Amino acid sequence: MLKKFPPRITTPYGLPAHQLAGLQWTVRHAFDNSSFYRDRLTSAGIRPEDIISLDDLCRLPLLTADDLAAGYPFALRAAEFKDLVRIHASSGTTGKRKVLCYTRKDIDDWQDMFARCYELAGMTCEDRVQIAVGYGLWTAGIGFQQACEHFGALAVPVGPGNLDIQTTFLIDMQSTVFCCTASMGLLLAEEVQRRGLRDKLSLKKIILGAERSSSAMRDTMRDCLGIEEIYDITGLTEVYGPGTGLSCREDNGIHYWADYYILEVLDPVTLEPVAPGEIGEMVYTTLCKEGAPLIRYRSRDLTRLVEGPCPCGCTMPRHGRILGRSDDVVIFRGVNIYPGQIDEVLHRVPGIGSEYQLLLDHTPDGRDGMLVRVERLRNAEAQPDDQLVKQIVAGVKHTMLVSCSVELLEPGTLPRSEKKTKRIFDKRKFE
Ligand code: ZN
């Protein structure tokens, strides 16, 4: 298990000791080399030598995207410019982009982490990896590509979009791995089915990044593309980029590289750790990042930790699928609704497709109303509409404890996009 890119534990005392050493190094490094962190830590009354156990982590102040915006463009910089070799940027919440800077060692560490993902996905040097994600300021394209070359597989860097070139290269290059967003994977699956190309492909695996995928979407990709394995890769620009964790063949959670960062899952309101298995916000602390270290960075992504060892044999810990962002949580009749919950409900209903919309609005009597718009599955065994509707209503009631109405649509009615598809529309906000 993980022979080429094994966990890098730098002490003989295991992961916790390694994490403590990394935390101590990071706090010291940030304090000594970043005026932002020095001010922040000093205000909180913390000196680097105060960090003597992992329990001291919770004493450190939290970091948010607003801090990155306020210090734009080099908010967290903790290395001299002569030691920086690259920047990446992603869209920011307040209009300003989030800019992160990397040293040579940061890039090397990122490549090692990402190559570990390819290894966990069971890839070999024989694989041909078609990369259908964005290049440029984004971490995605170059992240997938440099790790592919570092790992030793063949990169086919097509870039995002353009289904015509994607299908042509899948056939001509006989690509075995396809890397894309979930929406793009779905579009490709439907295109391959429409044009009857499935038998011409050698595709074995899909690696999905950047966007939450529902089980129904994954089923559609498996069926239409004739593949067995679909992996979710995680990562955000602030924490290097994609490649900081991967779902494994057991498909029960995402292994994350705890030798490179500590993951806390906190209640987004109280900012206290949630109980094991509860949903909370992912908060990151890097252990060896030089250019822009993170100390307790609030990502806004929601997930839960998965306890216990994984049957796949990988010893790195796991978190669950990303269930959306804490900004996207909608409060409906006093209940928190997480975007990922509707995916889970719809997946359990046979005969419906993977695209849906959730509309929240005021009903004529002034109450909150929820409408689920969902497509019938193409070629599915005919099930009476009232049966389908009944199952969806019951599923929503059971999982989210609220009532909804349902509109069934013909396959292909709802809009698709190559990027992130908007699925929740909260019209109550605009009144
Ligand atoms: Zn596993």
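This report describes the zinc site, the strands and the helix packing of a predicted model.

## Basis

The model is predicted: local features need pLDDT of at least 70, side-chain atom pairs count only at pLDDT 80 or more, and totals for chains, interfaces and linings use all residues. Residues are numbered from 1 along each chain as its sequence is written, and side-chain values use heavy atoms, with hydrogens and water left out.

## Zinc site

The zinc ion has the protein donors Cys248 (SG), His255 (NE2), Cys310 (SG) and Cys312 (SG), at 2.1 to 2.3 Å. Donors are N, O and S atoms within 2.8 Å of the metal (3.2 Å for Na, K and Ca); water is not among the atoms, so sites may look incomplete. Along the chain the donors are spaced as C-x6-H-x54-C-x1-C.

The arrangement is tetrahedral because the four donor atoms subtend angles of 104 to 112 degrees around the zinc ion; four donors count as tetrahedral if all angles lie between 85 and 135 degrees. Cysteine 310 and cysteine 312 are both buried (under 20% relative accessible area, 1.4 Å probe, protein chains only).

## Strands

Nine strands make up an open sheet of mixed pairing, in the order S4-S3-S5-S6-S7-S8-S9-S14-S13. Its edge strands, S4 (154-156) and S13 (305-306), each pair on one side only. Strands are DSSP E runs of at least two residues and helices H or I runs of at least four, numbered from the N terminus; two strands pair if DSSP finds at least two bridges between them. S13 is joined to S14 (residues 318-319) by two bridges in the antiparallel sense, with valine 306 partnered by arginine 318.

S11 (residues 280-286) pairs antiparallel with S10 (residues 261-266) over six bridges, and leucine 266 has glutamate 281 in S11 as its bridge partner. Seven of the seven residues of S11 are buried.

## Helices

Helix H4 (residues 104-120) lies across S3, S6, S7, S8 and S9, at about 30 degrees to S8. Helix H6 (residues 163-172) packs on the sheet, touching S3, S4 and S5, and makes about 175 degrees with the direction of S3. Axes are lines fitted to C-alpha atoms, for helices over the stretch in contact, and angles run from 0 to 180 degrees between N-to-C directions.

H4 and H5 (residues 140-151) pack at about 75 degrees, with axes 8 Å apart. That makes H4 roughly perpendicular to H5 (65 to 115 degrees). Contacts (heavy atoms within 4.5 Å) involve residues including Trp110 and Phe114 in H4, and Phe144 and Phe151 in H5.

Key
Four donors count as tetrahedral if all angles lie between 85 and 135 degrees; four count as square planar and six as octahedral if opposite donors are over 155 degrees apart and all others between 65 and 115; anything else is irregular. Buried means under 20% relative accessible area, exposed over 50%, partly exposed in between (1.4 Å probe, protein chains only). Angles under 35 degrees count as roughly parallel, over 145 as roughly antiparallel, 65 to 115 as roughly perpendicular and the rest as oblique.
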